[in-house]
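Here is a short briefing on aromatic rings and what they pair with. Have the model open as you read along.

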Amino acid sequence: MNKDGEVGTIAPEMPAMFDGVKLAAVATVLYIIVRFLNLKSPTEPPCLSYQDTPLNRFLIKSCSLLTKEYIPPLLWGKCGHLQTALYGKMGRVSSPHPIGLRKFLAMHDGATATFDLFEPLADQCTGDDVTMVICPGIGNHSEKHYIRTFVDYAQKQGYRCAVLNHLGALPNIELTSPRMFTYGCTWEFAAMVGYIKKTFPQTQLIVVGFSLGGNIVCKFLGENHTNQERVLCCVSVCQGYSALRAQETFLQWDQCRRFYNFLMADNMKRIILSHRGMLFGESSSKRPKMMEDADLSRLFTATSLMQIDDNIMRKFHGYDSLKEYYEKDSCVHYIHNVNVPLLLVNTSDDPLVHPSLLTIPRTLAEKKENVIFALTLHGGHLGFFEGAVLFPQPLTWMDKVIVEYANTICQWEKHKPQCGSGSEQDCS
């Protein structure tokens, strides 16, 4: 009651506890954002594993990107999921359109391999004729943005580029036999390399593989020593090395790996079904003997790559079991035979490659003189975006480090007689 005798209403006061709840909710959201974006994570140079040899000393001294901090975009670049998502959705920012020629190669089983050939746009740093033979990731081809970006950069650094189009991956190219690309089949890549060697007898090769392509190129080089002839070096980026060891990790929800497995399986289903007539049609006289009509039904219900590999992919090459397919198609059983300089690049926050798989390249680098294993703290799966705060640059750390490593190897080969004493001064 006020002084005039009137009864007033008193506005109810919100309890202090309610403000505390709001504050806690905001703090929780901010904490989740900070944790998800990994904002507190530092930036560091790649962690390197290698033996102390004259070549490796020269490489470490000359490849500044291997010893400098990799700095991703500040707000989101330290999150492996966002790096991977941006690569998966966009590929690259402001991707160029390099102009090349598409080549068609008849395979022994009636399949038709295709690759795109891009001529250099400048002189190579040593003046030599050098061709990069490139194998993209799963279901990818020369028209993918990350491939176009890398090819354009390599061309401008004086390299000819040959990019394999995985069998069945190009949407406008029909299969000519009932077979698609698989996890470790090297037939098409070998045909492309053979064509390059025959057509350009003076050229030397730089072998590059991304993700699944990294497995294929390392397996190719290790299958037969003659495959390493005229090869200066090999670079593999973001591969998993062993499908058999990786299959269990792909069924785990850690780092949302099971979700990525589902997305990749869905993409594989679309690719396979786009060639349904050739792979499953009654008119396909060369249809794999192990393939049954029920396999098509299982394909529709598959939710993982392992189910697709077991019901479809392994049967293209007559493997009796999924285990046999994964064992024989994984480069882990061949990579120790690779004797050319080998750079293996992975990231600690790759949501597709479990940390346990990284013992393979680390152990290899500790045992073989020709291997350098570079593990970045950030980068996701084939992301490696760089930038100041929010917007990434068109060219990534991955693009630059591959070309820098290739340039350094070419310089070493050019001056190797002077470098034979092992003196770093003679090799600079």
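**Aromatic contacts**

Y70 and W397 are both buried (under 20% relative accessible area, with exposed over 50% and partly exposed in between; 1.4 Å probe, protein chains only). This is a predicted model, where local features need pLDDT of at least 70 and side-chain atom pairs count only at pLDDT 80 or more, while totals for chains, interfaces and linings use all residues. Residues are numbered from 1 along each chain as its sequence is written, and side-chain values use heavy atoms, leaving out hydrogens and water.

**Ring pairs**

- The model holds 13 aromatic pairs, counted where ring centres of Phe, Tyr and Trp (its six-membered ring) lie within 6.5 Å; planes under 30 degrees apart are stacked, over 60 edge-to-face and the rest tilted.
- Y70 and W397 make a tilted pair, 5.8 Å centre to centre with 45° between the planes.
- Y70 sits in the loop between helix 2 (54–62) and helix 3 (80–90) and W397 in helix 14 (residues 397–414), so this pair ties together parts 327 residues apart in sequence. Helices are DSSP runs (H or I, at least four residues), as are strands (E, at least two), numbered from the N terminus.
- F115 and Y195 pair edge-to-face, with centres 5.4 Å apart and planes at 65°.
- F115 is buried at 1% relative accessibility, whereas Y195 is partly exposed at 24%.

**Cluster and charges**

- Y87, Y146, F150 and F210 form one aromatic cluster.
- R160 lies over the face of F200, 3.8 Å from the ring centre; the rule asks for NZ of Lys or CZ of Arg within 6 Å of the ring centre and within 35 degrees of the ring normal.
- K219 lies over the face of Y334, at 5.2 Å from the ring centre.
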